[in-house]
Amino acid sequence: MPLGNGRLGMTPDGGLTNEKIVLNDITLWSGSEQDANNYEAHKSLPAIRKLILEGKNDEAQALVNRDFVCKGPGSGGAQWGKYQTLGALDIHYDHKGGDAVIATPEDYKRELSLDSAIAGCSYTLNQVKYKREYFCSFDDDVNIIKISADKPGMINCRISISRPEKFAVKTEGGQLQMSGQLDNGTDGKGMQYLARVIVKLKEGNLSSDQNSLIVKDADELIIYVSAATDFRGFAFKEKTQQSLSSAIKKSYETQKNRHVVNFSKLFNRLSIDLGSGEAEERPTDSRLAAFYEHSESDPGMAALFFQYGRYLSISSTRVGLLPPNLQGLWAKEINTPWNGDYHLDVNVQMNHWPVEVTNLSELNLPLADLVKGLVKPGERTAKAYYNAEGWIAHVITNVWGFTEPGESASWGAANAGSGWLCNNLWEHYAFSMDRKYLKEIYPVLKGSALFYKSAQVKDPKTGWMLTSPSVSPENTFYLPSGKTASISMGPTIDNQIIRELFNNVITASTILGIDAEFRKELENRLKLVPPAGVISKDGRIREWIEDYKETDPRHRHISHLYGLYPASLITPTRTPALAGAARKTLEVRGDDGPSWTIAYKLLFWARLQDGNRAFKLFKELLKPTLRLDINYGAGGGVYPNMLSAGPPFQIDGNFGATAGLAEMLIQSHDGFIDLLPALPDAWKAYGNVKGLKARGNFTVNMNWKDGRITGYRISSTTAKKVKVKVNGEIREIISEKS
Ligand code: FUC
């Protein structure tokens, strides 16, 4: 049951006698800032580019691997770091009567309330009803666990805290503390952290030994856990004590009420009802199993998964801090898969796709902050490798501002990272219309555009200006010689990103009334940027500028459809031929893959306005699985707690699906608000949604019956003209003032 308040996370497992509660802090990273730029790299650039032009991409790739990757071990190194679990709280319960004689509890139940962000666990043992309640408080910024029983003196337990490495535990004046310092990859003196645990008892006794707090014969127990790190110089020792002191002064009910009030301010902005069915009464694991077989009889599942995604967004990030990483906030290990980092070739972007349209706009800001921090190091990288102006980030980053190429050419040389991030930054403006924000991010967008503009080179064959060297994220192709390579010039995604970014910078500079000259330069350059898509011999969108065949036709990345989503360069109405080629591309790629891939395909089909196909992808995404291996191929799904399984656990599948479900209900990228653009048969009968957002800062409520809109309301802070497509007809209306 993942809980979080945007900084602290807690995942209780509901163990009967031994409960493990995984703890997290979104800032807890090993590693440290480094300069892994190869400042000589640009000297190899002419040779690399020449080999690519000669069709010797494999030789170019060897050169990239030699001279054009980051210095040192890159993401495999200790300095690069990892997002890690903070540790775990272990509670050993001693149920009176002796656990040994108890076979199974009665009425064992665990629950997670999405609209209050509180988890629960209850059961009856030896005629005593026990209840546990957990939340990561949005009030005092501490984790709280309340354990009670319906008979006095029944709470007996030992509470300890640990992590797999780099920790020391002590008890002091009734407080249990765990502290430590992670490896920074240089002198070992990396990030410091501290977790404090205190308890409040009703009746009973508290004692402690060196490593644990021991509770005897209490009627009720409340555990408070505060934790923090020294990330960005945070006064973690003082702050953790202050939050505890503040929390303990309040009654449990007051704390809980304030928690719910604060959380609800975000969560309650949107409500969704897609109809209900009997399946809702089932426990989640059995409901998931049934959904995969009979999805049409459980329309509420999509609403649940959608709201779960919103719940996870609110729980895993907060304004002023860090964006959700590959595990959101809920890593349970030290060696987190893929370092639990920020992958820039789809994953961190996907994590943010739902936030605007589902009315959680400010949750995009931590990503914008992260990106602002990449500009300075990215300028060094642009110079070192491309002798170019502006800034670039390649495929992966961490909290230490890594922008260098990755350690291997096949994936590490992608040029798309920084430009793709700029899409997220732009979308926050497109939805919020916040001019002040636009002014703030303009230098970031401009710097990114400047990089591409100054790094592009002319392809003598076509006359187009292209990135070189680059890769289409993580994919490989056959050269005519039969050899394989990943390095090429101007992969389609780069061209789409550049087209979109230049247009956004042109629009932004016009709105802000600045940089007329640079705007002109971009306008001119745009004439030399390849179109949004080129159709291959077999009717698909080409992934590369040449009509190469990919080595894996079912490859998980479908980067060349970037123009379909998140960009809106390809649409069924404006570019029907390209939309058709996008369909064909998706047919060949197939519907399976790691969960994020399935979610992305759901989004693509929603943009192609095929509701039933999008729904099929949703069903695929909800395939129950317990797999934990690192998967690059087929087999994505969800775990019984509905966290997305790549496998392993990777939260982008949850967020991508939430964005996809929203995209089935509303779209606003084509100059008008489209209500129900991709409604599947499964949701036709009835629906009611309140609080969706559309570009232009509109809030949309609507309901429908038998596939037709029966009522809608579009509001905005000031009444203004807006086009809306309702039941197939576009009309212009004046929005209501909200
Ligand atoms: C990219 C994807 C993988 C995985 C990883 C975190 O490398 O290709 O499937 O999602 O990011």
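**Ligand site and domain arrangement**

A polar side-chain atom of His557 lies 2.7 Å from an oxygen atom of the ligand. The structure is a predicted model, in which local features need pLDDT of at least 70 and side-chain atom pairs count only at pLDDT 80 or more, while totals for chains, interfaces and linings use all residues. Residues are numbered from 1 along each chain as its sequence is written, and side-chain values use heavy atoms, with hydrogens and water left out.

Two further polar contacts (pairs of N or O atoms within 3.5 Å; within protein, one atom must be able to donate a hydrogen and the other to accept it, and residues adjacent in sequence count only if both atoms are side-chain atoms) involve Arg556 and Gln650. For Arg556, the distance between a polar side-chain atom and an oxygen atom of the ligand is 2.7 Å. For Gln650, an N or O atom in the side chain is 2.8 Å from an oxygen atom of the ligand.

The shell around the ligand (residues with a heavy atom within 4 Å of it) consists of Leu326, Trp338, His343, Asn347, Glu474, Arg556, His557, Trp596 and Gln650. These residues divide into three nonpolar, four polar and two charged (Ala, Val, Leu, Ile, Met, Phe, Trp, Tyr, Cys and Pro count as nonpolar, Asp, Glu, Lys and Arg as charged, and the others, Gly among them, as polar). The ligand lies between domain 2 (40-71 + 387-589) and domain 3 (274-363 + 611-738), because both give residues to this shell.

An unreviewed UniProt entry annotates residues 251-665 as "domain: Glycosyl hydrolase family 95 catalytic". This span is 48% helix and 6% strand, and its end C-alpha atoms lie 42 Å apart (DSSP runs: helices H or I, at least four residues; strands E, at least two; numbered from the N terminus). UniProt, again in an unreviewed entry, lists residues 667-731 as "domain: Alpha fucosidase A-like C-terminal"; this span is 0% helix and 60% strand, with end C-alpha atoms 15 Å apart. Such annotations may be inferred rather than shown by experiment.

Most residues other than glycine have a negative phi, and most peptide bonds are trans. The peptide bond from Ser468 to Pro469 is cis, with omega near -5°, and Pro469 occupies the loop between strand S20 (465-466) and strand S21 (470-471). The bond from Pro647 to Pro648 is also cis, with omega near 5°; Pro648 lies in the loop between strand S27 (644-645) and helix H18 (652-665). Asp217, in strand S14 (residues 212-218), has a positive phi of about 55° although it is not a glycine.

Terms used
Domains from an automatic or database assignment.
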